[in-house]
Amino acid sequence: MSEQLRDLIRTHTCGALRAEHVGADVVLLGWVHRVRDLGGVTFIDLRDRAGVSQLVIRDNDALMAVAKRLRSEYVVGVRGVVQRRSDETINSKLATGEVEVFAREIRVLNEAKTPPFQIADDAAVSEDVRLRYRYLDLRRPRLQQNIGLRHRVTIAIRRYFDENGFWEVETPVLTKSTPEGARDYLVPSRVHPGEFYALPQSPQIFKQILMIAGTDRYFQIVRCFRDEDLRADRQPEFTQVDVEVSFARPDTIYGFIEPLMRRIFKEIGREIAAPFRRMPYAEAMAKYGSDKPDLRCGLEIAELSEIFRESEFRVFKRIVADGGVVRGFAVPGGNRYTRSQLDVLVDQAMQMGFSGLIWVRPGEPPLCSTKALGEPALRAALDKVKASANDLLLMAAGPAEQTSKLLGQLRLAIAKRDNLLVAEAFEFVWVTDFPLLEYHDDDGRWYSMHHPFTSPADEDIDKLETDPGAVRAVAYDLVLNGTEIGGGSMRIHDSALQARIFKRLAISDEDAKARFGFFLEALEYGTPPHGGIALGLDRIVALLAGESSIREVIAFPKTANAIDLMAGAPSSVDDAQLRELHLKIRS
C-alpha cells in the first residue's frame, strides 16, 4: 500500500549531502536505486535527478521489515540523520560518498513494477525498448545529465541575447504552406473546409517581417517541423535558435554568434578560442571534400594536377588534359600499413565509388602501387602533401568535385579508423561564399542552395541570367567537428531583386504571389538590410554532451521512422473526427 507525504518535506536533494551536513536531521525523497541486504544491516541507494545518497538501516526491526518490501524504482520518503562513513567505506565515485543517512523513518510513497531494463546500470538496451519506456530511460543518470545540460544551455542563450538587446518573439506555429525543399506537415482546418495550415519548417519569413516591423534584433528558441524522407539522425520536429538582425553584415552575425558559442561552452567548463576560422566553400570542397569539414585530423587534400600534366602515366595525363584533377593527401604513420591493409583500403575506396586509388610509400626510391608513375613525379607529389618518411600518400583522379568528395569520405574513414579525431577538441569554422543556386538534372531547373530569400553577392548579381552557377551567395554555415550546427545569410531586402530570384527559380509571378504574396508586399514598405542565422540546438547539445545521436539530448524523440513508440503516434483517428475536418481516407 502506498503512503502519503503528510509531514515529509524535503530538506535536501539526494545529491546535496556532504561532510558539513554530519549531524543534521534530513528528509530525502526519491526512487530506490539499489538495495543491499547484509543481514543485520541494510543499505539503500536513494536517487533523484541531483544524485544518489546512501541510507543505512540497523537495529530497527520495523524499518528492516519496510526495507524488505523495497524494490528498484519504488518511490520513498526517508527521515534520518547524516553521519560520516568510516574511512574504508567512503565512495570516492559519488559526490555524497563521504556520508550516509541513518534512517529513522521510511515511508513507501508508491510501488513500481519491475522495469524492462535496469535503471541503475547504463547497460546496453535496444533503442526501441528505451523509446517505448522513455519515462524510465529518462531516469537514467546519463539522460538526466543530458537534459539538465540542455536546460542550462537554453538559459545561457536567453541571457546572452537579452544582454545584447535582442527580443524573443514567438512566431506562428499554424501558418501558410510554402513548400520549397522539405515537405510541410499539413493541418486541416475544421472551420475552413478543404483548406490547410502548415507547421513551420522555419520562421524564416516571419523573422524577416519582424525586421521590416522595426524589431531590430530578434531571437527565438523555436520548434520546427519537416516531413523529410527517413534519415538516421534527423527528427521530424526539432529545435533551432533563430536569430535575425537589421542593418547587418556577415561580420555582424559572426560578432554575435562567436561570443554566444564561448558562453555556451562554458557550461561544460571549456574555453574556446575566437575568432573562428573562415573558409570559402570552394576551398572547403577542394581541401576537405565537404562543405562541413572536420578540421581535427589534418589530412588536407592537396592539388597535384600540375605535377602529372605531362606524366608518363597516361591515365593521369589524359584526365588532367580533359579538365579533371589529380588530388591526394598524406596519412600520418601510414607507411606502417601492411600490403594486406593497403589492399583492404583500396577495396574500401572502390566501394565508396573511386575508379582507382593509388598509394605511395616514401623511400629510396618511393614505392608506388602503379609502376607507370615516374620517380620525379612521385617525389614532387610527396613534397606537395608534406609527407614524412613515416607517412603514406593516397591519390585519386577524375572530375574535380567528385574526386574531392570521395577523398573527403576516405580521409574521414581513415581518421576514425586510426583514431585521428581528437574527441576533446572543438574545431569551429565558418564556411562562406556558397553558390547561390544549384542545378537539378532531373527536372532541368535551378534551386536555391539555402533558401530563395538569400542575397546574392553584389558583384555577381549581373550573372543571374547569364551564368547562374557562378553566382555566390552572401551565406555562411557554422561547422563544428564536421557537423553543421548553424546556417544563415544576408537576406534580399529589395523587392525587384527578389522578383528576379523567383524568376531564375522558375517560380511564376502568380505562384510567387500565391505562396509569398504577403511577404512580397511587406518588402515594398521600407525594408532594412538584414541577415541572420539559425543554430541547431539539438546538434549543439549533442556535441557538448559527447553524444553521437541527437535523440540522446531530446526528452521525447521519434525513431528514424518518425514514430513515437511511447505515445503510439502517428495513429489513426475515428470517422467522426475525419468528418469534422471534411476529410476522407483513400486506400
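Visitor: Which residues lie nearest the centre of the second largest pocket, and how many residues line it?

Guide: Bearing in mind that this is a predicted model, the second largest pocket has 34 lining residues, and those nearest its centre are Asp48, Arg49, Ala50, Gly51 and Pro141. The elements that give two or more residues to this lining are β1 (25-37), β2 (41-48), β3 (51-58) and α4 (141-163), and α4 gives the most, with nine residues. The volume of the second largest pocket is about 750 Å³.

Visitor: How do the residues of that lining divide into nonpolar, polar and charged?

Guide: The lining of the second largest pocket holds ten nonpolar, ten polar and 14 charged residues. Asp and Arg count as charged, Ala and Pro as nonpolar and Gly as polar.

Visitor: Why does Thr454 count as buried?

Guide: Buried means under 20% relative accessible area, and Thr454 has 2% relative accessibility, so Thr454 counts as buried. Thr454 is placed in the loop between β19 (445-448) and β20 (475-480). Leaving aside residues up to four places away in sequence, Thr454 touches Leu436, Ala473, Ala475, Ser489, Met490 and Ile492.

Visitor: What makes the pairing of the side chains of Thr454 and Ser489 a polar contact?

Guide: The cut-off asks for a pair of N or O atoms within 3.5 Å, and the contact that joins the side chains of Thr454 and Ser489 is given as 3.5 Å, so the pair sits at the limit and is counted. A polar atom of the Thr454 side chain also lies 3.1 Å from the backbone oxygen of His451.

Visitor: How do you know that strand β13 is mostly covered?

Guide: Seven of the seven residues of β13 (residues 325-331) are buried. In a regular strand the side chains alternate between the two faces of the sheet. On one side of β13 the buried residues are Val325, Arg327, Phe329 and Val331, and on the other they are Val326, Gly328 and Ala330, so that both faces are covered.

Visitor: Why are β12 and β13 called paired strands?

Guide: Two strands pair if at least two bridges are found between them, and β12 (residues 302-303) is joined to β13 by two bridges, so the pair meets the rule, and the strands run antiparallel. Glu303 stands opposite Arg327 in β13. Seven bridges join β13 to the antiparallel strand β16 (residues 392-398), where Gly398 is the bridge partner of Val325.

Visitor: What makes β12 and β15 the edge strands?

Guide: The open sheet has five strands in the order β12-β13-β16-β14-β15, with antiparallel pairing, and β12 and β15 (367-368) are its edge strands, each pairing on one side only. Two bridges join β15 to the antiparallel strand β14 (residues 358-361), and Leu367 in β15 is the bridge partner of Arg361.

Note on methods
Residues are numbered from 1 along each chain as its sequence is written. This is a predicted model: local features need pLDDT of at least 70, side-chain atom pairs count only at pLDDT 80 or more; totals for chains, interfaces and linings use all residues. Side-chain values use heavy atoms; hydrogens and water are left out. On a 1 Å grid over the protein atoms alone, a cavity is a set of points where a 1.4 Å probe fits but cannot get out, and a pocket is an open set with protein on both sides within 12 Å along at least five of seven lines; lining residues have an atom within 4 Å of a point. Grid points are joined across faces, edges and corners, and a volume is the space filled by probe spheres set on the points. Helices (H or I, at least four residues) and strands (E, at least two) are DSSP runs, numbered from the N terminus. Buried means under 20% relative accessible area, exposed over 50%, partly exposed in between (1.4 Å probe, protein chains only). A polar contact is a pair of N or O atoms within 3.5 Å; within protein, one must be able to donate a hydrogen and the other to accept it, and residues adjacent in sequence count only if both atoms are side-chain atoms. Contact means heavy atoms within 4.5 Å.
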